[in-house]
Amino acid sequence: MTGFLKKSGFLAIAALLSVISPVSGFAVGTTAGTDISNTASVNYELAGTPVTQQSNTVVITVAETLDVAVVLQSPQRTVSGGDTNVGLLFTVTNTGNGNEVFVLSVDNTDPADDFDPLAATPSIYFDTDGSGDLSVGDQPYTPGTNDPLLAPDASVAIIVLNDIPTGLNNGDVGRSALVAASATGTGAPGTLFAGQGDNGVDAVTGTTTALQQASGEYIVSDVTLNALKASTVIDPFGGNSPVPGATIRYTITVSVTGTGTAAAAVFNDAIPANTNYTDNSLSLNAAALSDQVDGDAGELDTSGAVPAVIVRLGDLTEADGDQIIIFEVVID
């Protein structure tokens, strides 16, 4: 398709503007379509009179470089066989120097993983609300209908959804890749698409070949560790108003579900801003823990910018039951 049709055919994607944002430091060089003009001059004297002779003006129009970056934003996702619509978050950034349309796809056929995730229907969504996961209002992607049109340095957040097959083993890893390709074309660096760039300039593939992908991972686990936090306020007057000087007692219940073992579990809770930890208020399953690093499981870690309560829970299984952690802070 021509450069004009490539750009104008996607003006309907204005609804995506809320999820497209600039990212500094990616785009390469001068904007496509910029004219670089140069005129030389020669100075001399004719019968004692200064004369200046100008050359013709040479104008070169900067071509469009086609480049793209795809970056995974999600950590490895823990799943169980049969899970559905498990999302991975990516960003796609136009690292070229012109406005460019990108076609998206999912590739779940990594030969080095243990299983292939099953692309959901639809499998690609725009993270319209910026939540990082699928939510109401996120717009599904339809190739050829709402392919993202990105200005230089602009990026768009993309969620890839997959279902997890059954019959997997604990620890199996499956990979899913988001692929982004320039709608103008792809190819080895330097591939020319004459007249197909912005405003009819030439387009040339850059170092990324105008085709990039990034992969996220799912790992099968037959154990899930959950933490539920509750709070109680005790004010200096015997009530429960959260006024300065009141104590907040936090109770955290850590539990395990599934048939496996959550190995080397460590509880970490930063002390909230505008509060101070109450010395020696930490306990695990009603047994007091000291604030120092010693032989028990807990401590108040003051090595970082924000103090944090640490409790080393060790290897946990469902049979261990609930682990109850309590500590207190005072409102400044």
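Me: Is Gly195 buried, partly exposed or exposed?
Reply: Gly195 counts as partly exposed, because its relative accessibility is 29%. The cut-offs are under 20% relative accessible area for buried and over 50% for exposed, with partly exposed in between (1.4 Å probe, protein chains only).

Me: Where does Gly195 lie?
Reply: Gly195 is in the loop between strand 14 (192-193) and strand 15 (203-205). Strands here are DSSP runs of E, at least two residues, and helices are runs of H or I, at least four residues, numbered from the N terminus.

Me: What ground rules apply to the model and the numbering?
Reply: The model is predicted, so local features need pLDDT of at least 70 and side-chain atom pairs count only at pLDDT 80 or more, while totals for chains, interfaces and linings use all residues. Residues are numbered from 1 along each chain as its sequence is written, and side-chain values use heavy atoms, leaving out hydrogens and water.

Me: What's the average pLDDT?
Reply: The protein averages 91, and 92% of the residues score at least 70. That score is the predictor's confidence in each residue, from 0 to 100.

Me: And where does pLDDT stay under 50?
Reply: Over residues 1-18, for which the model has 33 contacts beyond four places in sequence. A contact means heavy atoms within 4.5 Å. Where pLDDT is low, the predicted coordinates should not be read in detail.

Me: New topic, aromatics. How many aromatic pairs are there in the whole structure?
Reply: A search finds three. Rings of Phe, Tyr and Trp (its six-membered ring) pair if their centres lie within 6.5 Å; planes under 30 degrees apart are stacked, over 60 edge-to-face, and the rest tilted. One of the pairs is Tyr250 with Phe327, tilted because the planes are at 40°, with the centres 5.4 Å apart. Tyr250 is in strand 18 (residues 247-258) and Phe327 in strand 25 (residues 323-331), so this pair ties together parts 77 residues apart in sequence.

Me: What does Tyr277 do with Phe327?
Reply: They form a tilted aromatic pair, 6.5 Å centre to centre with 40° between the planes. Tyr277 lies in strand 20 (residues 275-277), so its pairing with Phe327 in strand 25 links parts 50 residues apart in sequence. Ring pairs therefore link Tyr250, Tyr277 and Phe327 into a cluster.

Me: Which charged end sits over the ring of Tyr250?
Reply: That of Lys229, 4.4 Å from the ring centre. The test is NZ of Lys or CZ of Arg within 6 Å of the centre and within 35 degrees of the ring normal.

Me: Switching to sheets: what order do the strands of the five-stranded one have?
Reply: The open sheet runs 6-16-13-8-11, with mixed pairing. Its edge strands are strand 6 (77-79) and strand 11 (149-150), each pairing on one side only. Two strands pair if DSSP finds at least two bridges between them.

Me: How many bridges join strand 13 to strand 16?
Reply: Nine, and strand 13 (residues 173-182) runs antiparallel to strand 16 (residues 211-220). Ala181 stands opposite Leu211 in strand 16.

Me: Last one: what is Ser123 in contact with?
Reply: Leaving aside neighbours within four places in sequence, Ser123 is in contact with Val106, Ile159, Val160 and Leu161. Ser123 sits in strand 9 (residues 118-126) and is buried, at 16% relative accessible area.
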